[in-house]
Amino acid sequence: MKVVIAPDSFKDSLSAHGIAQAIALGWQQVFPNAEIIQCPMADGGEGSIQAVLEVCSGQWREQIVQGPLGEAVLAKWGWLDADKIAIIEMAQASGIQLLLPSQRDACHSSTYGTGQLILAALDAGAKQIILTIGGSATNDAGAGLLNALGAKFLDADHQVLPAGGLALQNLVQIDLENFDSRIQQTKFLLAADVTNPLCGPNGASHIFGPQKGASPQQVLALDQALSHFADVTAQYFGFDQRNETGAGAAGGLGFAAKIFLKAEFRSGVEVIAELNQLTAKIQGADWVITGEGKFDEQTLNGKTPFGVAKIAQAASVPVIVIAGTLGQNYQALYEHGITAVFSLTSGPTSLEEACQNAADLIRARTTDIARLIQSSMLRKE
């Protein structure tokens with residue numbers, strides 16, 4: 001029997017690697033001779049670098065950069081030396097988790113630190129840079145990132161604009177004379193599942209601005225500022241990509257990545273699966289086991305179990321999901337390659353208790369599932 005274990009992390013509880021280990025231990029209690037392949041996964045959000053480095057034997061690297069409001073932060077990024085691939089989590093440098101709720105400032109927060117991580121990757125000799133862009137604190141359309149790479153955005157007095165999305169309302173001129181030339185020889189890949197345009201009622205400012213601290217009035221002002229940024233950019237390049245799918249991702253960083261970095265957009269879970277060679281590992285498997293903290297209809301929006309199930313379905317391999325909790329309309333996933341779903345707890349328990357005991361609960365639930373499969377196998381014999 002061959003089993004591939006490919007879960008995401010359980011937020012505030014265990015890493016994807018820890019989840020995979022617990023599932024493996026539970027399965028081995030019933031099937032000690034099974035061939036078990038652990039392949040920790042992620043969907044481009046928190047934990048993506050860790051999931052790849054654990055499978056691909058990569059390296060953690062560190063860089064002191066500017067945080068969302070200019071403060072110094074120690075950001076980690078991943079390096080795969082064999083292929084010269086850098087993996088950068090935007091949240092490490094420009095993430096909302098770096099700020100207290102009272103500090104969130106969509107008008108003035110900047111992606112500059114993420115640009116500094118790109119510089120570090122370029123200095124290391126990166127041939128490809130993968131950006132995972134979930135969890136941002138910013139709404140500056142990637143202007144800060146571009147500043148770090150040498151771009152200048154000037155006002156009517158030829159002065160460099162201050163940090164933040166609101167300042168873009170005063171943009172008059174784009175100066176790329178000192179824009180890092182290595183970017184032209186580097187492949188950029190954005191791991192993102194956000195499809196919003198840059199501007200308008202479904203754009204970056206209206207949809208994501210409020211959670212980053214923007215008031216209703218500030219949302220309107222930011223949307224106008226980003227629209228003006230798109231106007232000036234279109235004049236400079238001769239084309240307009242504000243309505244492209246994903247331009248509004250990460251407070252508009254998607255817009256900058258598409259135009260200035262020529263980035264390719266991919267589903268986060270597809271990128272991680274490709275790096276971790278999940279498709280090859282699933283070939284010939286009898287079962288695939290995946291999971292996440294909360295499994296519900298939102299999983300359809302490109303989360304890890306959905307992506308894993310698509311790959312397994314193509315190989316005609318059944319998929320079991322183990323989740324911390326089951327949410328609304330999780331049954332919809334049965335139409336997308338999921339065979340069976342099991343929640344972690346067997347009785348009333350608090351979230352804190354479930355998080356603290358996640359490894360034991362996962363191991364026990366996996367053993368229960370394996371015993372059920374074993375019984376079915378014995379009946380067939």
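**Charged residues, sheet and backbone features of the predicted model**

Lys 212 is placed in the loop that connects helix H6 (204-208) with helix H7 (216-237); helices (H or I, at least four residues) and strands (E, at least two) are DSSP runs, numbered from the N terminus. The structure is a predicted model, in which local features need pLDDT of at least 70 and side-chain atom pairs count only at pLDDT 80 or more, while totals for chains, interfaces and linings use all residues. Residues are numbered from 1 along each chain as its sequence is written, and side-chain values use heavy atoms, with hydrogens and water left out.

Lys 212 is buried yet takes part in no salt bridge. Buried here means under 20% relative accessible area, exposed over 50%, and partly exposed in between (1.4 Å probe, protein chains only). A salt bridge is a side-chain nitrogen of Lys or Arg within 4 Å of a carboxyl oxygen of Asp or Glu. Lys and Arg count as positive and Asp and Glu as negative, whereas His and the chain ends are not counted. For Lys 212, the nearest side chain of opposite charge is that of Asp 140, 8.2 Å away. With neighbours within four places in sequence set aside, Lys 212 is in contact (heavy atoms within 4.5 Å) with Ile 96, Arg 104, Asp 105, Ala 106, Ser 136, Ala 137, Thr 138, Ala 250 and Gly 251.

Side chains of opposite charge can pair when their charged atoms come close. By the rule given above, the count of salt bridges is eleven. One of them links Asp 296 and Lys 294, with an N to O distance of 3.9 Å. Asp 296 is buried, at 8% relative accessibility, and Lys 294 is partly exposed, at 46%. Another salt bridge joins Arg 363 to Asp 360 at 2.5 Å, N to O. Both Arg 363 and Asp 360 belong to helix H13 (residues 358-380), where they are three residues apart, about one turn of the helix. Arg 363 has a relative accessible area of 26% and is partly exposed; Asp 360 is likewise partly exposed, with 45%. Elsewhere, salt bridges that share partners connect Arg 266, Glu 270, Glu 274 and Lys 310 in one network. Within this group, the closest N and O atoms of the salt bridge between Arg 266 and Glu 270 are 3.8 Å apart, and Glu 270 is partly exposed at 36% relative accessibility.

Strands of a sheet pair through backbone hydrogen bonds, either parallel or antiparallel. An open sheet is formed by six strands in the order S3-S4-S5-S6-S9-S10, with mixed pairing; two strands pair if DSSP finds at least two bridges between them. Its edges are strand S3 (59-66) and strand S10 (264-266), each of which pairs on one side only. On average, neighbouring strands of the sheet are turned by 25° against each other, direction ignored. Axes are lines fitted to C-alpha atoms, for helices over the stretch in contact, and angles run from 0 to 180 degrees between N-to-C directions. Strand S9 (residues 187-191) and S10 run parallel and are joined by three bridges. Ala 191 stands opposite Arg 266 in S10. Helix H4 (residues 112-123) packs on the sheet and touches S3, strand S4 (72-80), strand S5 (85-89), strand S6 (128-132) and S9. The direction of H4 makes about 135° with that of S3.

Helix H9 (residues 268-275) is largely enclosed by the rest of the structure, because six of its eight residues are buried. These buried residues are Gly 268, Val 269, Val 271, Ile 272, Ala 273 and Leu 275. Just after H9, Gln 277 has a positive phi of about 55°.

Most residues other than glycine have a negative phi, and most peptide bonds are trans. Positive values were also computed for Ala 141, with phi near 55°, and for Ser 316, with phi near 60°. Ala 141 lies in the loop between S6 and helix H5 (143-148) and is buried, with a relative accessible area of 0%. Ser 316 is in the loop between helix H11 (304-314) and strand S12 (319-326) and is exposed, with a relative accessible area of 65%.

The count of disulfides is zero, a disulfide being a pair of cysteine sulfur atoms within 2.5 Å. For Cys 56, the nearest cysteine sulfur is that of Cys 39, 8.1 Å away; Cys 56 is partly exposed at 27% relative accessibility. For Cys 199, the nearest cysteine sulfur is that of Cys 107, 15 Å away, and Cys 199 is buried at 13% relative accessibility.
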